[in-house]
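Hi,

Here is the structure I promised to pass on.

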Amino acid sequence: MGLDLEKYINPATIEKFIRIIFILIIGISSIQTIAFMLKRSLRKQLSRQRMMLITRTIIYTGYTGLVLIVIKELNYDLTALFGAAGVVGIVIGVASQTSIGNIISGLFLVGEKSFEIGDVVRIGDKTGTVYSIDLLSIKIKTFDNLLIRIPNQSVISSELTNVTRFPIRRLDFQIGVAYKEDLRKVKMLLENVARNNPLCLEEPEPYILFQNFGDSSINITFGVWFEKANYSAVKNSVFVEIKEAFDREGIEIPFPHVSIYAGEASKPFDVNIRETSN
């Protein structure tokens, strides 16, 4: 007994299925090719975040159109679909005011050019490298390899510091020296530290400022200029070299202490503590 396949498989259905597969293959290939060619041709003209935004807009628009074409091939009534989509759109629009605000804020961020992908930024108490810039949020990668998502509205309304915007930057060290020390000698030692460190730049010159007379020390700000990629190496090496230079020259870095006086301007007196047994 032969099996009549036409009773179970409609040739029109098979033809429609093959046509939809063909549309999907051509459509997906075209969208990806257009996005790739556009990214390649405009790579030198646009920043990375603008290129990412344009590419994603093309991909999202293309896939939306592709879905509508497939729905039409399936002979669904798009009028009813658009009517239902309009009602759903109103509900979603009311519930997604925050998302709309994030999209608008994202456009402001892209136009403002405060940072780019790869920059190190500080937003509030979060610091890291900009990983991606999207329509609703930016993502930063922290130095301990965590990914943090920050809504665009929060970024636009917070204080933002771009640590690596410029090719060079200054690193400040807060130093305290004892009151008995020769400040001119201290200044010369700090200048030598900056001059002898190969990672510190000669121009601009090191920044040395005597800040104030503290409770137990004279406080100094010592700043050195360096290329932004050398931050960790400069901080560690200069820190060690300051300590070594002060130890070598006998410069005291004091810690907080309390002196007891006899009630008038006089030298401190010795205090002996004796232990007694019961």
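Let's start with a single side chain: is asparagine 162 buried or exposed? This is a predicted model, and in it asparagine 162 has a relative accessible area of 16%. Buried means under 20%, so asparagine 162 counts as buried. The residue sits in strand E5, which covers residues 160–162. Leaving aside residues up to four places away in sequence, asparagine 162 touches Ser114, Phe115, Asp119, Val120 and Val121.

Strand E1 (residues 120–123) runs antiparallel to strand E2 (residues 126–133), with 4 bridges between them. One of the pairings is arginine 122 with threonine 127. The E1–E2 hairpin leaves 2 residues between the strands, and glycine 124 in that turn has a positive phi of about 65 degrees. E2 then carries on through a hairpin of 3 residues into E3. E2 and E3 (residues 137–141) are antiparallel too, again joined by 4 bridges, and valine 130 has isoleucine 140 as its bridge partner in E3.

Now for helix H7, residues 231–249. Its 19 residues at 1.5 Å each should span 27 Å, and the end C-alpha atoms are 27 Å apart, so the two agree. Val234, Val238, Ile242, Ala245 and Phe246 are buried in H7. Those residues cover an arc of only 90 degrees around the axis, so they lie on the same side of H7. On the other side, Asn236, Phe239 and Arg248 are exposed. The buried residues pack against strand E6 (168–177), helix H6 (183–196) and strand E8 (218–227). Just after the helix, glycine 250 takes a positive phi of about 70 degrees.

That packing ties in with the largest nonpolar core, which has 22 residues; Leu190, Phe222, Val224, Val238, Ile242 and Phe246 touch the most other members. E6, H6, E8 and H7 each give two or more residues to this core. Leucine 190, for one, touches Ile175, Ile208, Ile220, Phe222, Ile242 and Phe246, again not counting residues up to four places away in sequence. There is also a second, separate core of 12 residues, with Phe115, Val130, Ile138 and Ile140 among them.

Cheers

Key. Residues are numbered from 1 along each chain as its sequence is written. This is a predicted model: local features need pLDDT of at least 70, side-chain atom pairs count only at pLDDT 80 or more; totals for chains, interfaces and linings use all residues. Side-chain values use heavy atoms; hydrogens and water are left out. The expected span of a helix is 1.5 Å times one less than its number of residues. Buried means under 20% relative accessible area, exposed over 50%, partly exposed in between (1.4 Å probe, protein chains only). The arc is that of the directions from the helix axis to the C-beta atoms. Contact means heavy atoms within 4.5 Å. A nonpolar core is a set of buried Ala, Val, Leu, Ile, Met, Phe, Trp, Tyr and Cys residues joined through side-chain atoms within 4.5 Å. Two strands pair if DSSP finds at least two bridges between them.
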